[in-house]
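This report goes through selected local features of one protein chain. The sequence and the coordinates are shown first, and the text follows them.

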Amino acid sequence: MGVGLRTVPGRTDHVVVVGAGLSGLSAALHLLGTGRAVTLLERDRSVGGRVGVYDGPGYQIDSGATVLTMPELVAEALAAVGADFGSVSPPLRLHRLDPAYHARFADGGAIAVHSDPDAMAAEVARACGPDEARRYLRLRSWLERIFTAEFDRFIDANFDSPLDLVGSRAALADLSTLVRIGGFGRLGPRVEKYLRDPRLQRIFTFQSLYAGLSPARALGIYGAIAHMDTSMGVYFPDGGMRAIAEAMAGAFTAAGGTLALGTEVSRIDYRNGRATRVIAADGSGFEADAVVLTADLGSGSALLPRRTWPRRPVRHSPSAVVAHGTIPASVAAGWTDSGHHTIDFGAAWEQTFAEITARRGRGRLMSDPSLLLTRPAVTDPELLIDRDGVPHEPLSVLAPCPNLHSAPLDWAALGRPYVRELLVELERRGYTGIAEGFRVDLIDTPQTWADRGMSAGTPFAAAHTFAQTGPFRRGNLDTGAENVVLAGSGTTPGVGVPTVLVSGKLAAQRIGGELRARSQTHPARSRRFPLRNTEPLN
C-alpha cells in the first residue's frame with residue numbers, strides 16, 4: 001500500500017455501487033463490512049456482469065468468463081460480511097480441475113496441464129523428455145517468484161503515483177526483485193530461455209492474450225497470470241461460474257445490502273464537484289455520499305463529468321467470437337485429449353497474434369485459429385440436459401479476434417458463417433461430429449460486446465501496454481468527482497477474474513480506508529489456500 005493512501009473526503013455513510021459484476025459485488029461486500037449502507041444497482045435481471053449466463057432452450061450456460069483462479073479472493077469478499085462458502089445458500093462448492101487444461105497441437109500431440117508440480121513434470125517428461133521437465137520446474141520457480149514479488153505490493157494495492165513503487169524500503173525491495181529476475185523484460189523471450197519445446201512455450205505464454213498483447217511484447221510481470229493459470233489451480237463451482245456472483249449477491253443482501261436488478265443508470269447528478277444522486281432510466285433516484293462506478297470506461301464515461309473523458313487514445317485488447325450451445329454427450333465423449341478446458345493450438349503462433357492485435361484498421365481474423373473449447377459438464381454432470389430425448393452437454397467455443405478498432409467488420413453478417421468455418425476446422429482436427437452435432441444457440445461477437453457498452457467491442461478492456469499498466473493505468477480516482485471511484489477491468493489493476501475482484505476491494509479502500517474489517521484476518525489471505533476437489537471451500 002502506498003504511503004498515505006488517498007481516500008474520498010467527507011461523508012461516505014451511504015455508497016451507491018453501479019454494476020453488479022464481480023468488481024461491483026466485491027466493492028459492495030467490502031464496503032458493507034465497514035458498516036456503511038450500500039445500494040447496488042444492476043441494469044440486467046441477473047448479477048455477474050461479464051461472468052454472465054445465457055438462458056438457452058431448457059438449459060443455462062456461462063456466457064462470460066469460464067476460468068476461475070485464486071478463489072480465495074471470493075472468500076475474502078464474503079468474509080467482509082461474516083460469510084463463507086459454506087454459509088451462503090446454496091453453499092458454494094468448488095472443484096479444482098485436474099488437469100486444469102488439455103492442450104492439443106497441430107502436430108497431433110497433446111499435453112495435459114497439471115497444477116501439481118510433480119504431475120506436470122511427469123507429463124512434460126512424457127511429452128517432451130526429462131531434460132525439458134527439469135527446465136519446466138525452473139520456469140515454474142521463476143513464475144512463482146514473479147507472482148510473489150508482484151501480487152501483494154503491485155496488484156493488491158492502491159497507487160496515487162508511480163513514486164509509490166519506491167515509496168518504502170519494502171516496495172523498493174520488491175521492485176528491485178522484479179527488475180533483477182526479468183519482470184520488465186519480454187515474457188516470450190524469457191520463457192524461451194527456460195523451455196525449448198515450442199508447444200510448452202505456448203502453454204506458458206498464451207495468457208498474455210488476457211493482457212491484450214503478444215508474448216513477444218508482453219512484459220515479464222505478466223508471468224504472474226501464467227502462474228495463476230498453470231500453478232495455483234483452476235477451479236469450477238457446481239452450477240457454473242454464475243454461482244460465484246449469485247453467492248456474493250446472496251451474502252450481500254443477507255447482510256443488509258440493497259440490490260436493485262433491472263435498474264439501468266442514466267445519469268449521475270453532481271454538485272460542487274461531488275456526486276449527490278444516481279438517477280435510473282425510469283426516473284427513480286438514489287441518494288449517495290459516494291459512488292463506485294463499474295461500467296465499461298467507454299459507456300461509463302458518459303456518467304462522469306465531461307472533463308474526465310479520455311485525454312489520450314486507449315489501446316484496447318483483442319476481442320473474441322464465442323459460440324454457445326449444446327453437443328450430444330455421446331459425440332463429445334469420442335474426442336480424445338479433451339476435457340473441461342481444451343486449448344486447440346493452430347500451427348501459426350506469432351502470425352496469429354499479429355493478426356488479432358494489429359493497429360487500427362489492420363486487424364484480421366486468424367488464418368490458422370487457436371481455439372478454447374469449454375465443456376463444463378465434464379466437471380459437473382448436473383449440467384447435462386435432455387434435448388429431443390438425447391443427452392446433451394453445454395459447449396462453448398471461443399476464437400480470439402480483432403476488436404472493432406482493429407478490424408471494423410460487419411459481424412451481423414459475418415458471425416454465423418465464421419462460426420461455421422471454425423466448426424469445420426475443428427472437425428478436421430479430430431473433433432468428430434462437432435460440425436453437425438453442435439447446436440449453436442448464441443453467438444457473441446465484437447458487435448454484441450459493443451452493443452453492451454464495451455469499448456471497441458472487446459470484453460477485455462484496455463490492453464496492458466506499459467503505458468496502461470500498474471500506476472500508469474487509469475486510476476480508480478481518475479473520475480473528476482471527489483467521491484466517485486472506479487472499479488472493473490478498465491481501471492487498476494486490470495483484466496481477469498482475480499484482478500476485477502481486487503479492483504472492487506481497492507475501490508472500497510478508497511472510500512473506507514484500510515478496510516480493517518473481518519476480511520483482513522480471514523484465512524483467505526493465504527496465497528496457498530487449501531482445497532479438496534469435491535468439498536466446499538471454507
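Helices here are DSSP runs of H or I with at least four residues, strands are runs of E with at least two, and both are numbered from the N terminus. The model is predicted, so local features need pLDDT of at least 70 and side-chain atom pairs count only at pLDDT 80 or more, whereas totals for chains, interfaces and linings use all residues. Residues are numbered from 1 along each chain as its sequence is written, and side-chain values use heavy atoms, with hydrogens and water left out.

L143 is a residue of helix 4. Is L143 buried or exposed? Its relative accessible area is 1%, so L143 is buried (buried means under 20% relative accessible area, exposed over 50%, and partly exposed in between, with a 1.4 Å probe and protein chains only). Beyond its neighbours within four places in sequence, L143 is in contact with F204, G223, A226 and H227, contact meaning heavy atoms within 4.5 Å. From L143 to L365 there are 222 residues in sequence, and their C-alpha atoms lie 31 Å apart.

Helix 4 (residues 130–155) packs with helix 5 (residues 169–180) at an angle of about 145 degrees, and the axes are 9 Å apart. Axes are lines fitted to C-alpha atoms, for helices over the stretch in contact, and angles run from 0 to 180 degrees between N-to-C directions. On the helix 4 side the contact is made by I146, A149, E150, R153 and F154, which meet A170, A171, D174, L175, T177 and L178 of helix 5. By class, the residues of this contact are seven nonpolar, one polar and three charged. Ala, Val, Leu, Ile, Met, Phe, Trp, Tyr, Cys and Pro count as nonpolar, Asp, Glu, Lys and Arg as charged, and the others, Gly among them, as polar.

**Cysteines**

How many disulfides does the structure hold? It holds zero, a disulfide being a pair of cysteine sulfur atoms within 2.5 Å. C128 has a relative accessible area of 21% and is therefore partly exposed. C401, at 0% relative accessibility, counts as buried.

**Backbone geometry**

D337 is not a glycine, yet has a positive phi of about 55 degrees. D337 sits in the loop between helix 10 (329–332) and strand 15 (341–344) and is partly exposed, with a relative accessible area of 39%. A461, a residue other than glycine, has a positive phi near 60 degrees. A461 is buried at 5% relative accessible area.

A461 belongs to the loop between helix 14 and strand 20. G475 is placed in the loop between helix 14 (446–451) and strand 20 (484–486). G475 is partly exposed, its relative accessible area being 27%. Not counting residues up to four places away in sequence, G475 touches L486 and T491. The C-alpha atoms of G475 and T491 are separated by 5.8 Å, and the two residues are 16 residues apart along the chain.

Over residues 446–511 the chain is 32% helix and 5% strand, with 34 Å between the end C-alpha atoms.
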